[in-house]
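Reader: Hi! Could you walk me through the charged pairs in this one?

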Amino acid sequence: MRPSFRLPIAAMLLALAASCAPSKFKSYDGPPVTQIVVNKSARQMLFFSGSSVIAAYDVGLGNEPVGHKQFSGDGKTPEGLYYIDRRNPDSKYHLSLGISYPNPQDAGFALAQGQDPGGDIFIHGWGPEGRALAPHKRDWTAGCIAVNDDQIEDIYAMVRDGTPVLITP
């Protein structure tokens with residue numbers, strides 16, 4: 001009896017085809033991002049390498065975009081100097097980069113008021129929720145900074161942990 005090689009070959013071809021699917025993880029070989037500046041009133045996020053702007057994106061903010069985030073659930077995007085402190089490749093918003101909110105001043109203020117400062121502030125993609133909301137409502141997050149999924153793929157590749165993020169009114 002002659003052995004059949006069709007099944008193993010078909011399985012290998014299927015695995016090869018699956019590995020060629022587009023990845024959400026891009027590579028970046030441009031100049032290093034040394035700072036991110038988010039201008040809330042302009043709804044714009046700028047990426048700097050030294051003093052040069054190397055990328056700019058329009059953004060969506062928290063559903064209550066005016067003012068500095070003070071408490072959990074207030075729908076505001078923080079203002080001040082923060083840092084990229086983590087990344088989530090499995091975010092429900094496609095990909096996300098964590099922002100170091102709350103800083104000690106944010107936490108101290110909220111606690112002095114008997115409130116929770118909140119947390120989990122990210123730069124993230126739209127994911128399914130944003131795809132449904134963002135075309136109709138620009139500021140829809142719980143306080144995060146949102147860009148579309150293609151843009152967060154670029155940002156995720158460009159930005160390293162520890163990058164400063166200045167968020168201005």
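Author: Happy to. A word on burial: buried is under 20% relative accessible area, exposed is over 50%, and partly exposed is in between (1.4 Å probe, protein chains only). This is a predicted model, where local features need pLDDT of at least 70 and side-chain atom pairs 80 or more, while totals for chains, interfaces and linings use all residues. Numbering runs from 1 along each chain as its sequence is written, and side-chain values use heavy atoms, without hydrogens or water.

Reader: What does Glu-79 pair with?

Author: Lys-40, with the closest N and O atoms 2.9 Å apart. The two sit 39 residues apart, Glu-79 in the loop between β3 and β4, Lys-40 in the one between β1 and β2. Strands here are DSSP E runs of at least two residues, helices H or I runs of at least four, numbered from the N terminus.

Reader: And is Lys-40 buried or exposed?

Author: Buried, at 2% relative accessible area.

Reader: Switching over, which residue meets Arg-87?

Author: Asp-161, at 3.1 Å from N to O. Asp-161 is partly exposed at 47%, and so is Arg-87 at 28%.

Reader: Which residues join into a network?

Author: Lys-26, Glu-153 and Asp-154, through salt bridges that share partners.

Reader: What about Arg-86?

Author: Its side chain meets Asp-85 at 2.4 Å, N to O. Arg-86 is partly exposed at 26%, and Asp-85 is partly exposed at 39%.

Terms used:
A salt bridge is a side-chain nitrogen of Lys or Arg within 4 Å of a carboxyl oxygen of Asp or Glu.
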